Amino acid sequence: MPSVDWSQLLADLITSRDEAEFHSAAVRRLADAVGVNSAALVRSQPPEWIVTASAGKMAGQLPLDLAADALDSGTAKRTSGWAAIPLRVSHDNTLPPTALLLSGDADTDDVHLSTGLAAACALVRGRRRDHQQAERLEMLLEITHQWAQTDNLETLLNRMAEAATAQFDCDRATIFLWDRSHKTLVGRPALGMENNELRVPDDAGVVGRVVQSGQPERVDRMDDRAAIHGAVDKETGYTTETILCVPLVGPHGNTFGAFELLNKRAGNFQPDDLTGLTELASYAAVSLANTQQWEQLLERHQLLVDEAADRVQMIGNCPAIEALRSTIAKVANADLAVLVLGENGTGKEVVAQSIHYRSPRRAEPLIAVNCAALTETLLESELFGHEKGAFTGANESRAGKFEVASGGTLFLDEIGDMSLSGQAKLLRALEQKEVVRVGGHETISTDCRVVAATNQNLADLVREKKFREDLYFRLNVVTLELPPLRERGDDVVTLAEFFLRQLTQKQGRKPPTLTAAAKKRLVAHRWPGNVRELRNLMERVAYLAGGDRIDADDLAFTLSPGAKKSGGMETGLTLSDATHDFQVDYIKRTIDQVRGNVTEAAKLLGVHRSNLYRKMRALGMETDED
């Protein structure tokens, strides 16, 4: 079999945004690698098959019976013209039954192909699941905060339904409250019904079975229609195709209603939807309880905040990071504007999160805006909000990030890329603590702490008239500068081991140990992508390294993919300049490695301490003797 470049294939998945993108790239590459005319990745979802990706020319129908035989037996199956290889996953049982179909008589290493592709698919699926979980947690924080401000039951029910339809991409959502004395379920909102209210017997249809049993229930498109209470569809003219329904359970374990979703827009409701709706329903139940239960809502909200805060960690013990942690502890409670500087990938957003979760605003929203990702017009609407009809596409009024973040923290990333016009409006909002929505006239007061970040030199931009001087001084009350990873010495190893523990924990296995040679190579690398590059490297190594040790050779195929042949140094310099730069950099990294102990650095470099000081001064480097 022609060699399949698994390292490059896995590197591709780092940039994949979803499973479909990765599946398409993987199948196309595999088809080319094994030399077949066509290939397809098929998933069994009884009673049907789903083709998740295909490549090449498909002649006739796919041999799905062959794929079924391969999945049943757990081994590759072949007929004239086709091969079916089941995907084997040892560490992750969440991958659905999937098989790879190859046309022709290609000679393939079935085990290698099966386990390698399965691991890649499982990794992408796991990344998507983790991303969805993080989004769900963030949305829960924002939703429960909004619910806590609502004291009108009808308004609260409408907001719950709106949040659920948006989060789970479905047509409708209804919250049913159980009127036990009248054996009736009362649902709101109910589109098409009088007073926007629906009343059904408490034993009717799916929702009736859920409140009676206290167990969630799901109806898919291919299920028996008898499971659906057809009287409501007949009355409203609406056609129900899919249902997801979970019970609403009170603080004492009593079921007092149900949360129902109708018609998932993209096929059937999935197990992740059930998990998410169950979580959402638990907070909805607290919100719907009597006034004595509001304290429980706040307590659960605080637990979510604490959980989010616990996930924010600044890993490292180098002097710069220790000093940064100390400064954050001092400024977190001061409510001052903070400017965070540093190269891309150094962890500026982690600094903003650390400030927020250590401040009195920790229970309020932390809202992030990437100023470089939005045009000037969109940025203004994003920050300050807009009124209905303010511009084409503004079909409803919308609060801006300044309003949403009021009471909390607003993180403005890549502030140096904001236009001069946007800078002027931002300065006004910061100075006056009020905003006016696009297309509006009403002044809206806002109280949010601003943490700005950039990888650019704002002072230079001010001199070049590309950044307002008054805004620069307004943001630059406190400046925190993150060192690049190449200047953090042994922190590289500490971070690498931290990421390995995180990643292998998800796989349910013990983290591998970095050998001395591997640690030395990690510290020696220049890390142009900083901490982000290191995490991506550890993610690849965690899934590719099979043993319990990671040596320097295990890092060779992924380290510094864009490095120049010169070993990472800039080319085009004279020999004298290159030698000078190398000596300066090597001495700096050696001193950082021993945490500033010049005596120890001199020993590692094989020179006397006084000679090292003399060499540093000759190179134009600052010393503690100066």
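Helix axes are lines fitted to C-alpha atoms over the stretch in contact, and the angle between two of them runs from 0 to 180 degrees between N-to-C directions. The views below are taken from a predicted model.

**Figure 1. Helices α17 and α19 cross in the predicted model.** The axes of α17 (residues 491-507) and α19 (residues 530-544) come within 9 Å and cross at roughly 45 degrees. The two helices are therefore oblique to each other. Their crossing is right-handed. On the α17 side, the contact includes Val 492, Leu 495, Phe 499 and Leu 503, while α19 contributes residues including Val 531, Leu 534, Met 538 and Tyr 543. Sorted by class, this contact holds 11 nonpolar, 3 polar and 3 charged residues.

Figure 2. Asn 530 counts as buried because its relative accessibility is 0%, and the cut-off for buried is under 20%.

**Figure 3. Helix α5 packs against helix α8.** The axes of α5 (residues 153-168) and α8 (residues 271-288) come within 11 Å and cross at roughly 170 degrees. This angle makes α5 roughly antiparallel to α8, because angles over 145 degrees count as such. The crossing of α5 and α8 is right-handed. Among the residues of α5 in the contact are Leu 153, Leu 157, Met 160 and Phe 168; α8 supplies, among others, Gly 276, Leu 277, Leu 280 and Leu 288. By class, the contact of α5 with α8 comprises 10 nonpolar, 3 polar and 1 charged residues.

**Figure 4. The largest nonpolar core has 35 residues.** In soluble globular proteins, nonpolar side chains tend to be buried together. Within this core, the residues that touch the most other members are Met 160, Leu 248, Phe 259, Leu 261 and Leu 280. At least two core residues come from each of α4 (110-148), α5, β6 (170-179), β10 (243-249), β11 (255-264), α8 and α9 (294-310). Another core, of 30 residues, lies apart from this one, and Ile 415, Met 418, Tyr 472 and Leu 475 are among its members. Leaving aside neighbours within four places in sequence, Leu 261 is in contact with residues including Ala 164, Phe 168, Ile 243, Leu 244, Phe 269 and Leu 277.

Figure 5. Leaving aside neighbours within four places in sequence, Leu 137 is in contact with Leu 304, Glu 307 and Arg 311. Leu 137 and Glu 307 are 170 residues apart along the chain, and their C-alpha atoms are separated by 9.5 Å.

**Figure 6. Helix α12 has buried residues and is followed by Gly 385.** In α12 (residues 376-384), the buried residues are Leu 379, Ser 381, Glu 382, Leu 383 and Phe 384. Phi of Gly 385 is positive, near 85 degrees.

**Figure 7. Two loops hold Pro 189 and Asp 335.** Pro 189 is placed in the loop between β7 (184-188) and β8 (198-201). A cis peptide bond, with omega about -15 degrees, joins Arg 188 to Pro 189. Asp 335 is found in the loop between α10 (319-331) and β12 (338-341). Phi of Asp 335 is positive, near 60 degrees. With a relative accessible area of 42%, Asp 335 is partly exposed.

Terms used:
Residues are numbered from 1 along each chain as its sequence is written. This is a predicted model: local features need pLDDT of at least 70, side-chain atom pairs count only at pLDDT 80 or more; totals for chains, interfaces and linings use all residues. Side-chain values use heavy atoms; hydrogens and water are left out. Helices (H or I, at least four residues) and strands (E, at least two) are DSSP runs, numbered from the N terminus. Angles under 35 degrees count as roughly parallel, over 145 as roughly antiparallel, 65 to 115 as roughly perpendicular and the rest as oblique. A crossing is left-handed if the near helix is turned anticlockwise from the far one by less than a right angle, and right-handed if clockwise. Contact means heavy atoms within 4.5 Å. Ala, Val, Leu, Ile, Met, Phe, Trp, Tyr, Cys and Pro count as nonpolar, Asp, Glu, Lys and Arg as charged, and the others, Gly among them, as polar. A nonpolar core is a set of buried Ala, Val, Leu, Ile, Met, Phe, Trp, Tyr and Cys residues joined through side-chain atoms within 4.5 Å. Buried means under 20% relative accessible area, exposed over 50%, partly exposed in between (1.4 Å probe, protein chains only).
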